[in-house]
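Please read them with the sequence and the structure open beside you.

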Amino acid sequence: AIMKCVDCARKLPAALDKCMYCGGRLETSEKADMPVNCAACKTTMDKNVVFGVTIDECSRCRATWFDRGELEELLEKTHEANTENPVKPKLDSHEVARFEMKQTEVEYRSCLRCDQTMRRRNYENISGIMIDVCSQHGIFLDSGEFDKLRAFIDTKGPKLAQTMRVE
């Protein structure tokens, strides 16, 4: 059986009693790999592998669930791929140029794993892209938010955020 760390979400062999990467507690991968319902529309999400990262995607509303560590891993892999073979982002040019928070109705969603209310967070504090975060289990993105995060990263947003934190 395969085990999964509840802290860093890495998959590990069953012979271990704790995570060899972070020392976290392990749970059976079957529990971690059970289908989840979308936090937005409640439809059962499909598992898909993108750049070697298994994510949960909603076929109805196009939202995405990332277990802990998966979003950062996928953003890094897609950024590296975009650096090697640049492609135009899917966003309109006016969206890429400016990341502003849009005035929309705020909806607090429950974590797909533990059912606790997730915290809304402005990605990198300056992006204007509000993401839903469960500190224990992962991140929920509405349709289109992953592309916005990629565009933010591709336009050097994280470096700007780091500069602003230092000042």
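1. I begin with T78, which is buried, its relative accessible area being 7%. T78 belongs to helix α2, which covers residues 70–84, and its side chain comes to 3.1 Å from the backbone oxygen of L75. If residues up to four places away in sequence are set aside, T78 touches F51, F146 and R150.

2. Please keep in mind throughout that this is a predicted model. The mean pLDDT of the chain is 79, with 78% of its residues at 70 or more. Over residues 86–103, however, pLDDT stays under 50, and for this stretch the model has 26 contacts beyond four places in sequence. Where pLDDT is low, the predicted coordinates should not be read in detail.

3. How many aromatic pairs does the model contain? The count comes to two. One of them joins F66 and F146, whose rings are stacked, with 6.0 Å from centre to centre and 25° between the planes. This pair links distant parts of the chain, since F66 is in strand β6 (residues 64–67) and F146 is in helix α4 (residues 145–154), 80 residues apart. F66 is buried because its relative accessibility of 2% falls under 20%, and F146 is buried as well, with a relative accessible area of 17%. F146 is also one of the residues that T78 touches.

4. Y123 and F152 form an aromatic pair that is edge-to-face, with 6.0 Å from centre to centre and 80° between the planes. Here too the pair links distant parts of the chain: Y123 is in the loop between β7 (119–122) and β8 (130–134), whereas F152 is in helix α4, and the two are 29 residues apart. Y123 counts as buried at 11% relative accessibility, and F152 counts as buried at 4%.

5. Turning to charged residues, a search of the whole structure finds nine salt bridges. Side chains of opposite charge can pair when their charged atoms come close. R113 is partly exposed, with a relative accessible area of 25%, whereas D56 is buried, with a relative accessible area of 1%.

6. R113 also forms a salt bridge with D67, in which the closest N and O atoms are 3.0 Å apart. Because R113 lies in the loop between α3 and β7 while D67 lies in strand β6, this pair ties together parts that are 46 residues apart in sequence. D67 is buried, with a relative accessible area of 6%.

7. Which residues are linked in a network of salt bridges? They are E107, R109, R120, D132 and D142. Within this group, R109 forms a salt bridge with E107, the closest N and O atoms being 3.6 Å apart. R109 is buried, with a relative accessible area of 10%, while E107 is partly exposed, with a relative accessible area of 41%.

8. D132, which also belongs to that network, is found in strand β8 and counts as buried at 1% relative accessibility. A polar contact of 3.4 Å joins its side chain to that of R109. Leaving aside neighbours within four places in sequence, D132 is in contact with a set of residues that includes E107, R109, R120 and D142, and among the others are M118, G138 and F140.

9. F140 has its place in strand β9 (residues 138–141). Although F140 and C111 are 29 residues apart in sequence, their C-alpha atoms are 8.1 Å apart in space.

Definitions and conventions:
Residues numbered from 1 in each chain as written. Heavy atoms only, no water. Phe/Tyr/Trp six-rings, centres within 6.5 Å; stacked < 30°, edge-to-face > 60°. Helix = DSSP H or I, 4+ residues; strand = E, 2+ residues; numbered from the N terminus. Buried < 20%, exposed > 50% of the residue type's maximum accessible area, 1.4 Å probe, protein only. Polar contact = N/O pair within 3.5 Å; in protein donor to acceptor, adjacent residues only side chain to side chain. Contact = heavy atoms within 4.5 Å. pLDDT = per-residue confidence, 0-100. Salt bridge = Lys/Arg side-chain N within 4 Å of Asp/Glu carboxyl O.
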